[in-house]
Every structure is written in C-alpha cells, then in structure tokens.
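These are my notes from an afternoon of looking things up in one model. I went from the whole chain down to single residues.

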Amino acid sequence: MAGHSEFDDQFNIPGGDGFVDVRDFFVAGARDMEPEEVLLMDGFTLMDAMSAFEIGEPRLDSGMILEEQRRPPFEPLTPLLPEEVCWILDRSFACEMEWHAGKTLSQSVFTLLFVHHLPDINPEYLPPEESEDPARPRWLITVVVRAAVLGLLKCCDFAWRELSKNRVHDVEDWQSEKCDVSLLEGVDAEVVLRILDVACDWLRQSYFPDPQVTALCDRLLLRKTLLQLYRNEPLKDSAQLAYDGAIALGLLHRIRTTTQNPLGPDSPAFLAIDPYIARRLPNFMPIRVTELPPQDKSWGALEAFLEYWQEVGKLITSPSLSKWEAAGSMRFALCQSVPPPFHRSLIQSLFFDKNVVLGRQPLTWLVEHFFQETIGLPYASVLQALKRSAPQPQFASLQDVLERRITKATTTLHWHIFAIAHAFGQSPQLMIPHVKSHWYNPPRRRRHLMKEVLQWHILYDVLLKYVEQHKPLDEPTAKVLKAIPQAAQLWRLSASREVLLSGFQQELYAPEEKPIAYWYLARVLDVHLGCIETVLPAIPPNTSAYHELAYEAEHLAALQMISTALLALTAGYIASPWRRMSLNFLRRYKWVFKEEFDRCVPAEPIPDLCSFPNALREFLLDELYSPSSSFQLAQNILSHLAECSYDWLGHWAPDRKEYLQKLADVCGSLKRISPASVREVPNFDLTLLRWSPDVHPWMPLCS
C-alpha cells in the first residue's frame with residue numbers, strides 16, 4: 001500500500017519537471033561578497049526598507065495613542081454608587097469568559113484596571129476617611145470590589161494551573177501569557193473565600209436598600225461558588241460538585257432576571273475597563289485591541305461554562321467506556337459548541353492521571369471494560385478461553401499482549417516483547433488517548449484518529465496471529481477466540497468512519513472529493529457491518545455490548561444507504577483530470593497509505609482509487625437502484641432507532657435519540673429532491689445540495 005508504484009509512473013510533477021539547479025550559481029556569487037554586504041535591486045536602498053517602519057503609524061507603533069483613545073487617568077478610589085459596582089462586577093465575569101474563549105489575559109482579565117491597583121484599595125493600607133458620601137462609601141471599593149477582584153484572579157489561577165498541564169495546547173487552545181501580573185498564586189483559596197464572606201457581611205449590615213444589597217451579594221456569592229467549583233476535587237466529592245453547580249446556576253438566573261438601572265454616560269465605572277492596557281504590559285505576542293461583548297452574551301457564556309461543570313459531574317459518576325465515548329462523540333455529531341479549554345483539560349485529567357483511571361481504578365480496569373463493553377465478555381472469560389486452547393508457555397505471553405497493548409501501551413512503553421513491536425519501534429497509544437481525544441479541538445482530534453487507525457490495526461494483527469495458534473476444544477471457546485481480534489477491528493473501523501465524516505464537518509473536501517469520500521465511507525461501513533455480523537453470535541444477548549452492536553448494525557446500515565445515495569447524487573462533481581484526482585486522493589488518504597500497514601494483514605477496505613471509476617460506472621448502470629427509495633428506507637430505520645431505549649448510555653441516551661432524529665430529518669429532505677431512478681441522476685441539479693456543518697456535520701441540506 002505504501003509505495004503505489006503503479007500510480008507514481010503516471011503522475012507528473014505540478015508545474016512540470018524542467019527545473020534547473022542554480023544553487024552552485026548562488027554559492028559562487030556569495031564567495032565574492034564581503035561580510036555584512038547586502039545586494040539590493042537598482043533604485044532600492046536600505047532607507048527604502050527602513051521606511052516601512054514608521055513611528056506614529058498605529059498599525060506598527062504600539063505606543064501610538066490616537067486622540068480618540070485618550071482617557072482620563074484611572075483613580076481606583078473614586079467613589080462609586082452600588083449600581084456602578086454591580087456593573088464592574090458584571091464586567092469582571094465578562095472578562096473571565098473572554099479569556100476562556102481564547103483571548104489573552106491582557107485582552108480580557110487584565111483590562112479590569114482594579115487588577116493592577118489591588119495595593120491601592122487594600123483597606124489595611126488606607127487611613128480612615130473623615131467624611132464620605134453615604135451613597136458612595138469607600139468600603140464599596142476597598143471591601144466589595146476588592147473581594148470580587150481577588151476572587152476573579154484566584155479563579156484564573158486555578159484555571160491556569162489546569163490548563164498548563166499540557167492536556168490542551170498553549171496558543172492553539174488557550175493563551176497562557178501572564179504579562180508579569182500576579183494571579184495570586186501564593187494566596188490560599190480559603191483566604192479569598194473568607195474575604196468574599198466578609199464583603200457580603202458588610203453589605204448585609206449596610207443601609208443600602210434591600211434590592212441593591214441582594215444584587216451585590218448575588219454577584220459576590222456567584223464568584224464565591226465559582227471559586228469553590230475550581231477548588232473542588234470532583235473525584236473525591238462529586239455530590240459537592242453537583243451542589244455548587246446548581247447553586248451557581250440559580251444565582252446566575254436570579255442575576256439575569258433582575259433589572260439594573262443603566263449607568264449615565266459620565267459614570268466613572270466606565271474608566272475601570274481599559275481595552276488598551278496591553279500597550280503598558282510586557283507581551284510576547286502582537287497587541288490587538290478587542291472589546292468585551294454585551295453583558296447578556298457574557299452571561300450566556302457563563303451559563304454554558306457552568307453547565308459544562310454539570311457534564312463533568314455526570315462523567316465522573318459514569319465509570320464506563322461506552323458512556324464516555326457517547327458523551328464525547330455526540331458533541332460532534334450534534335454540532336454542539338466545543339467545550340472551553342479548561343473543561344476539556346479537566347475531563348482529560350479526571351479520566352487518567354498519574355497511572356490511575358478515574359482517580360481510583362488500576363490500568364487493568366481498561367482491559368476489563370474494553371472486552372466487557374466491546375464484545376460483552378468478561379476479561380476472566382477471555383483469559384480462560386485462551387488458557388483452555390493454548391499451550392501454557394504461550395498463554396502467559398498473550399495475556400501480556402492484551403494488558404500491555406490496551407493499558408501500558410497507552411502511556412509511553414515500547415512494544416518490545418515481540419518482533420513486530422521492534423519493527424515499528426514506537427509507543428502506540430490506544431484506549432486512554434482515544435477517550436481523551438473526544439475533548440481535543442476538532443482538527444487535533446481528527447489527526448489523532450488518523451494515527452489511531454494504524455495503532456488499532458497493529459493490535460488486531462498481533463491478536464489475530466496469536467489467536468490463530470490456539471486450538472479451541474469446543475464451540476464456545478472457538479467463538480470467544482474469534483471475537484478477541486475482532487474487538488480491535490471494531491475500534492479501527494469506528495476511527496476510520498470518524499476520520500472520513502470529520503472531513504465534511506471541517507469542510508476539507510473539495511467538490512470533486514465528496515463523491516470519493518462517500519464511496520470510501522460506504523466501503524468502510526460495509527466492512528464494519530461484516531465485522532459486527534462476525535462477532536455478534538459470540539456476545540451474550542443480555543449484555544449492553546450486544547444491545548450496542550445490534551444498534552450499530554442498523555445505524556451503520558442506514559448510514560451506508562445514505563452514503564451510497566449521496567455518491568450517486570454527487571457524481572456530477574467529478575470534473576478534474578484523473579492525474580489531479582489521483583494526487584489529491586493520495587494526499588487526502590495518506591493516513592491509510594503508511595508503510596507500516598504493509599507489515600500487517602490487509603486493512604480492509606483497502607483504498608484503491610483505480611477501482612472507483614468501474615464501481616461508479618456499474619453503480620450508475622443499475623436501473624433498479626433508486627436514490628429516493630434509499631433515503632426513504634434510511635429514514636425509516638433511523639426514525640425507528642430514535643424511538644428505542646438506550647438505557648446503557650445513561651445521561652447521554654437523549655443525545656443519541658436527538659442525533660438519530662436529526663439524521664432521519666435530513667433523509668426526509670434529501671428524499672424529496674432525489675431522483676426516483678438512477679437513470680435520472682445525470683439530470684440532477686447539484687445546486688440543490690448545500691453542506692452546512694453548523695446545521696448538520698456530514699450530510700448536505702436542500703437549498
């Protein structure tokens with residue numbers, strides 16, 4: 001598969017191959033130049049090059065302050081009304097959510113100027129005020145605002161610590177640069193929580209009207225609860241996590257439904273936010289001024305942020321690979337927004353950290369659940385079948401294969417036991433990275449799945465070769481042995497399907513690539529269905545694995561019908577020359593053309609573009625085939641599945657039903673525009689198809 005010499009001889013290098021090597025010419029010319037000498041075109045001088053950098057040009061000079069950007073100096077002790085303090089606290093949550101959305105701290109949290117003036121508003125360092133406006137007491141700043149800002153910074157500190165564990169990637173997923181500003185790394189969270197409690201006590205003992213006291217206390221309590229969520233250890237006390245999450249959502253709902261008086265245009269509170277603060281902070285990245293979103297949008301982001309905490313609570317109380325798989329994959333299938341980097345990192349840490357799964361389970365837990373939830377057989381039954389059918393010396397080595405490949409191989413150990421492992425010389429990653437990959441960003445998840453296809457096939461190859469050496473003594477043992485390598489095959493085919501479908505979701509395919517993608521997807525689904533048919537008789541019928549594979553058999557059959565019908569509808573996109581298509585094909589599917597595949601048994605289905613034209617021609621000549629009927633049958637299957645029960649998925653059963661119903665609805669709309677016979681396909685109007693990943697990740701919509 002790796003070389004494909006039958007293709008290479010037919011390909012021309014894009015742009016032709018008549019290039020001349022001119023390196024010697026440049027080397028010879030460089031020998032005649034003096035050190036630090038520069039060659040310039042006629043009429044172009046060094047002054048011309050330097051003139052590109054102009055002092056006073058706002059796009060190039062970060063210190064340039066335009067007239068409309070000039071602001072009065074910020075005075076942290078300027079007296080504020082309660083409603084102005086409420087506005088500042090609200091914007092502090094907006095700043096925090098913007099950082100979690102991907103902005104830098106200098107563009108979000110650090111634009112709140114009180115962050116840089118904490119010593120100036122510390123009441124311990126200030127003399128008592130002799131006369132103050134009772135409507136604007138100084139303690140609103142030195143006690144209330146200070147407590148809120150301390151809570152904000154400590155929340156950011158907890159988030160920064162989790163994000164810096166390298167579960168998510170700096171710059172790609174989040175921004176770590178602190179600009180030499182403290183996030184209270186050395187302050188204990190208990191101290192900040194007590195300060196927030198003290199601020200609430202001051203408000204309750206004040207003479208402000210009850211609505212103002214309630215509004216300010218709600219915001220301080222929301223900050224306190226959010227800090228407790230960050231500080232919690234979910235694996236040790238999931239009930240506390242659920243309680244704090246419910247309290248925070250309740251407080252947020254009350255804040256959003258309570259109307260606050262708008263501030264006047266000259267309110268000093270507006271000066272507390274400076275979007276240009278980055279020009280005064282040390283930065284390693286280019287400065288870009290951004291504005292905070294409207295407050296209602298920020299509240300919506302905070303609500304979603306708190307709901308992700310509830311998702312975390314559901315996951316840690318669901319010790320099942322199937323449930324974690326459903327929770328991660330359904331987010332992509334339903335086009336849901338990607339969780340914030342903090343939660344994606346936290347979920348990965350909770351699943352596996354320090355060689356422990358879910359905070360308490362050993363690595364062998366993965367092996368046990370891998371077999372139990374994939375082929376419905378306890379790990380003890382698998383070992384017993386191997387023991388009964390193999391010589392004693394071989395049994396120990398095969399058990400080592402299972403445990404090392406599924407558990408220890410998922411960390412950083414080399415597969416050094418077997419000769420095939422030495423040939424690859426790598427430390428493949430399986431179950432743990434696979435589960436974690438559901439909380440990668442979408443492009444990184446797709447790249448991981450591409451690599452994972454090879455790793456699952458290597459495991460399948462090893463298990464298949466060792467199982468073939470065993471001689472089962474009875475029919476039940478033979479069924480178990482046959483199912484063992486198929487477990488790895490099922491995971492490989494699932495990963496291949498996800499790679500192909502994610503290409504549509506990320507809009508990677510050019511129009512002429514879409515029919516080929518649907519063709520190859522249909523072939524993958526066909527092999528997957530055959531694998532399920534092979535392994536299903538060996539699975540006890542009363543297990544969740546049996547129910548899941550029975551569901552997959554119907555689901556994949558419907559998906560194959562859709563893919564085949566879309567192949568017929570999109571065949572008209574193919575207009576590029578064959579050589580260009582061949583080059584694109586090799587580049588697009590390079591993840592199945594790795595030379596390591598050649599050392600294993602064939603990884604069906606083998607991607608053979610040469611067979612595509614004949615397969616398409618035969619398919620379009622089948623006068624009995626009807627695209628609209630295929631969509632109708634797929635819709636019937638999916639509608640039936642959407643009404644079934646999926647109790648083994650727990651909290652994520654409704655998500656699966658929603659996914660199935662949406663896919664059935666897509667089939668219904670495609671059925672209405674599809675030709676009734678394959679003879680009508682050449683006249684099909686391709687402009688009727690429109691791919692919109694925001695509506696459906698893989699399938700086209702009707703224009």
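**Entry 1: the whole chain**

What share of the contacts in the chain with a separation of 6 or more comes from residues 24 or more positions apart? I looked it up, and the share is 77%. I note here that the model is predicted.

The chain has 24 helices and 4 strands. It has 703 residues, and 52% of them count as buried. I also looked up the surface: the chain exposes about 33,200 Å², with carbon and sulfur atoms supplying 54% of that area.

**Entry 2: the nonpolar core**

I looked for the largest nonpolar core and found that it has 211 residues. Phe114, Leu226, Leu302, Trp309, Phe351 and Tyr589 have the most contacts inside it. Which helix gives the most to this core? That is helix 5, residues 139–163, with 17 residues. I wrote one general remark beside this: in soluble globular proteins, nonpolar side chains tend to be buried together.

I then followed Leu302 on its own. Leaving aside neighbours within four places in sequence, I found Leu302 in contact with Phe93, Met97, Leu222, Leu226 and Leu252.

**Entry 3: helix 4**

Helix 4 covers residues 82–100, which makes 19 residues. I compared its reach with what is expected at 1.5 Å a residue: helix 4 spans 28 Å from first C-alpha to last, close to the expected 27 Å. Why do I call helix 4 largely enclosed by the rest of the structure? Because 17 of its 19 residues are buried. Just after helix 4 I noted Gly102, which takes a positive phi of about 120°.

**Entry 4: Leu203**

Is Leu203 buried or exposed? Leu203 has 0% relative accessibility, and buried means under 20%, so Leu203 counts as buried. Leu203 is part of helix 6, residues 189–204. I listed what Leu203 touches, not counting residues up to four places away in sequence: Trp139, Leu140, Val144, Val213, Leu216, Cys217 and Leu220. For one of these, Cys217, I looked up the C-alpha distance to Leu203: 7.2 Å, for residues 14 apart along the chain.

**Entry 5: aromatic pairs**

How many aromatic pairs does the structure hold? The number is 32. I picked out Phe370 and Trp456: their ring centres are 5.9 Å apart and their planes are at 10°, so this pair is stacked. Phe370 is in helix 12 and Trp456 is in helix 17 (residues 442–467), so the pair ties together parts 86 residues apart in sequence. Phe370 counts as buried at 0% relative accessibility, and Trp456 is buried with a relative accessible area of 0%.

The other pair I looked up is Tyr520 with Tyr589, which is edge-to-face, at 5.6 Å centre to centre and 80° between the planes. Tyr520 is in helix 19 (residues 514–535), while Tyr589 is in the loop between helix 21 (578–588) and helix 22 (611–620), so that the pair links distant parts of the chain, 69 residues apart. Tyr520 is buried, with a relative accessible area of 3%; Tyr589 is buried, also at 3%.

Phe370 and Trp456 turned up again in one aromatic cluster, together with Phe371, Tyr379 and Trp491.

I went back to helix 19 for its length. Helix 19 has 22 residues and reaches 31 Å from its first C-alpha to its last, close to the 32 Å expected at 1.5 Å a residue. It is mostly covered, with 16 of its 22 residues buried.

In helix 17 I looked up His457. His457 is buried, with a relative accessible area of 0%. Which residues is His457 in contact with, leaving aside neighbours within four places in sequence? I found Arg492, Phe597, Cys600, Val601, Pro602 and Ala603.

**Entry 6: charges over rings, and a proline**

I found the charged end of Lys154 over the ring of Phe158, 5.5 Å from its centre. Arg656 lies over the face of Tyr646, at 5.3 Å from the ring centre.

Last I looked up Pro378, in the loop between helix 12 (364–374) and helix 13 (379–389). Pro378 counts as partly exposed, at 36% relative accessibility. Its C-alpha is 9.5 Å from that of Val367, 11 residues away along the chain.

Methods: Residues numbered from 1 in each chain as written. Predicted model: local features only at pLDDT ≥ 70, side-chain atom pairs only at ≥ 80, totals over all residues. Heavy atoms only, no water. Helix = DSSP H or I, 4+ residues; strand = E, 2+ residues; numbered from the N terminus. Buried < 20%, exposed > 50% of the residue type's maximum accessible area, 1.4 Å probe, protein only. Contact = heavy atoms within 4.5 Å. Areas by Shrake-Rupley, 256 points an atom, 1.4 Å probe, with all protein chains shown as cover. Core = buried A, V, L, I, M, F, W, Y, C linked by side-chain atoms within 4.5 Å. Expected span 1.5 Å × (residues − 1). Phe/Tyr/Trp six-rings, centres within 6.5 Å; stacked < 30°, edge-to-face > 60°. Lys NZ or Arg CZ within 6 Å of the ring centre and 35° of its normal.
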